Amino acid sequence: MTGTVGIAFTVNGDAVTAEVEPRILAVDFLRDELGLTGTHVGCEHGVCGACTIVLDEVSVRSCLLFAVQLDGSEAETVEGLGTPRAMHPIQEAFRRHHALQCGFCTPGFLMTLRDILGTRQLATDVEIRDLLSGNLCRCTGYDHIVKAVRELVEERDRVER
């Protein structure tokens with residue numbers, strides 16, 4: 001198949017229209033065409049979670065999607081969470097608990113949490129670890145990540161009461 005396909009979607013609140021080759025992956029389009037390089041390319045097989053974005057309120061692996069599948073959707077990348085001066089609560093919790101080291105996996109964790117904190121109870125640390133098991137980190141040992149998530153869950157539960 002040759003040629004391009006027109007797509008239109010929203011990313012981080014901004015409307016995007018583009019012509020894409022049908023075979024280009026969403027992660028490559030986000031990084032190379034839109035400059036959203038916080039979405040990392042890790043394994044390219046959907047295993048590591050570094051490329052996780054939120055698509056229509058659900059966390060997905062952008063290395064397993066074609067850019068044409070973004071058409072008509074609402075996407076959020078890590079760039080849409082917050083800024084250094086106005087961090088999202090998830091980013092702030094990671095900073096406070098030193099839940100990152102090299103930072104390569106961090107965007108994937110943040111975007112996964114953006115989804116699951118709104119949809120899952122996460123009553124125990126075992127549940128937190130289980131739900132984060134699709135995101136691989138080679139540096140932290142996960143303890144600080146779990147502490148950051150535990151704090152976010154406790155704060156969420158206080159607000160909901």
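## Ground rules

What you're looking at is a predicted model, where local features need pLDDT of at least 70, side-chain atom pairs count only at pLDDT 80 or more, and totals for chains, interfaces and linings use all residues. Residues are numbered from 1 along each chain as its sequence is written, and side-chain values use heavy atoms, with hydrogens and water left out.

Helices (H or I, at least four residues) and strands (E, at least two) are DSSP runs, numbered from the N terminus.

## The E3–E4 hairpin

Strand E3 covers residues 52–55, and its pairing with E4 is antiparallel, over 4 bridges. Two strands pair if DSSP finds at least two bridges between them. E3 and E4 make a hairpin with 2 residues between them, and in that turn aspartate 56 has a positive phi of about 50°.

In a regular strand, side chains alternate between the two faces of the sheet. As for E4 (residues 58–61), Ser59 and Arg61 make up its covered face, while Val58 and Val60 sit on the uncovered one.

## Helix H1 and what it packs on

Four residues of H1 are listed as buried: Ala26, Val27, Phe29 and Leu30. Buried here means under 20% relative accessible area, exposed means over 50%, and partly exposed is in between (1.4 Å probe, protein chains only). The buried residues of H1 pack against E1, strand E2 (14–20) and E3, with contact meaning heavy atoms within 4.5 Å. After H1 comes glycine 35, which has a positive phi near 75°.

## Two aromatic pairs

The structure has 2 aromatic pairs. Rings of Phe, Tyr and Trp (its six-membered ring) pair if their centres lie within 6.5 Å; planes under 30 degrees apart are stacked, over 60 edge-to-face, and the rest tilted. Phenylalanine 9 and phenylalanine 29 form a tilted pair, 6.2 Å centre to centre with 55° between the planes.

Phenylalanine 109 belongs to helix H3 (residues 106–119), and tyrosine 142, 33 residues away, to the loop between helix H4 (125–131) and helix H5 (143–160). Phenylalanine 109 counts as buried because its relative accessibility is 0%, whereas tyrosine 142, at 25%, counts as partly exposed.
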